[in-house]
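Let's take a walk through a protein model together. Keep the sequence and the 3D view side by side as you read, and look up each residue when its name comes along.

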Amino acid sequence: VKQQQVEVDWYGQPKSVDAWDFSLEGMGCQMGLREVPQLERCLRGSWVVVLGASQSAVWAVQLANELMPGAFDSLRDGYVTDGVHHLLLDIVIQDGRILHKKVVFNGDLDGVKHENYNLHSVETDREVLPVAYANLAKGPQYNGKQIRITNLLAEWWDEVDLGLMAIKATSKGWESAKVFPLAAVGLWYGYAVGCYKPWCATRPSIAGHPREEVVDKYVEGMKATLDLMKDFC
């Protein structure tokens, strides 16, 4: 089913807005596919926060570039979505303009150096990540009309906790925004079970432990993070 509406764009010109609603016959399932103008209207006044490793960065970049083509460009902006070194991607969009953009990447853009060993130990994270996440305070004053999209690096659940605390601590009116946190954590716990090479041993304290023990640590960390997420419900 395709529904068509007539709206005006940011410049007051008429535009068509297409909305696709897909239904599976006899299954009782339905999925709506919205195009950019509807996404803009839906997300206006919202802060979408994606916490995770490489895939989460890709999701955040795709969403930003869907709303504002070319908003993020890894070559131009100097980062790689490697799941290790890109610590923060943050952008604020309003009325077809980028009001603010900040990228924090502490790796090697040429990919020659792979100094990942112990890079995300609990101790290192507590020292490095809050400094990176403090860049959230550089965003503009919230006015209820912007769309903010943020990616914070998190390979492990305790890193998600640090990110959520940084979000809650961000002022300039953003505490009144509609905040939607999404956490995608899991792959690096899998690496901990079966990968012992320097590039994947970002937290060697957990590497090589029995699978059941790693799963227990995953579940324990997830439960603690869900408690923090209750504040955003």
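Predicted model: local features only at pLDDT ≥ 70, side-chain atom pairs only at ≥ 80, totals over all residues.

Start with a pair of leucines: Leu-88 stands opposite Leu-152 in β7. Residues are numbered from 1 along each chain as its sequence is written, and side-chain values use heavy atoms, with hydrogens and water left out.

Back to the strands. Strand β5 (residues 86-94) and strand β7 (residues 147-153) run antiparallel and are joined by six bridges. The names come from DSSP runs, numbered from the N terminus: helices are H or I runs of at least four residues, and strands are E runs of at least two. Two strands pair if DSSP finds at least two bridges between them. In general, strands of a sheet pair through backbone hydrogen bonds, and they can do so in a parallel or an antiparallel way.

Now zoom out a bit. Which order do the strands of the open sheet have? There are five of them, arranged β6-β5-β7-β4-β8, and the pairing is mixed. At the edges you find β6 (97-105) and β8 (178-184), each pairing on one side only. From one strand to the next, the twist averages 10°; for angles like this, axes are lines fitted to C-alpha atoms (for helices, over the stretch in contact), and angles run from 0 to 180 degrees between N-to-C directions.

Next, have a look at β4. This strand pairs with β7 in the parallel sense over seven bridges, and Leu-51 has Leu-152 as its bridge partner in β7.

Is β4 mostly covered or uncovered? It's mostly covered, with seven of its seven residues buried. Buried means under 20% relative accessible area, exposed means over 50%, and partly exposed is in between (1.4 Å probe, protein chains only). Ser-46, Val-48, Val-50 and Gly-52 are buried on one side of β4, and Trp-47, Val-49 and Leu-51 on the other. Helix α2 (residues 54-67) lies across β4 (46-52), β5, β7 and β8, running at about 165° to β7.

Time for some charges. The structure holds seven salt bridges, a salt bridge being a side-chain nitrogen of Lys or Arg within 4 Å of a carboxyl oxygen of Asp or Glu. One of them joins the side chains of Asp-90 and Arg-148, at 2.7 Å from N to O. Asp-90 lies in strand β5 and Arg-148 in strand β7, so this pair ties together parts that are 58 residues apart in sequence. Both Asp-90 and Arg-148 are buried.

Another salt bridge links Asp-158 with Arg-203, with the closest N and O atoms 2.7 Å apart. Because Asp-158 lies in helix α5 (residues 157-169) and Arg-203 in the loop between α6 (187-194) and α7, the pair ties together parts that are 45 residues apart in sequence. Asp-158 counts as partly exposed because its relative accessibility is 26%, whereas Arg-203, at 7%, counts as buried.

Then there's Asp-77, which forms a salt bridge with Lys-101, the closest N and O atoms being 3.2 Å apart. Asp-77 is in helix α3 (residues 74-77) and Lys-101 in strand β6, 24 residues apart. Arg-76 belongs here too: Arg-76, Asp-77 and Lys-101 are linked in a network of salt bridges.

Let's visit helix α7 (residues 211-229), where Gly-221 lies. Why does Gly-221 count as buried? Because its relative accessibility is 17%. Gly-221 and Trp-157 are 64 residues apart in sequence, yet 5.2 Å apart in space, C-alpha to C-alpha.

To finish, step back to the whole chain. The chain has seven helices and eight strands, and of its 233 residues, 41% count as buried. Among contacts (heavy atoms within 4.5 Å) between residues at least 6 apart in sequence, 68% join residues at least 24 apart.
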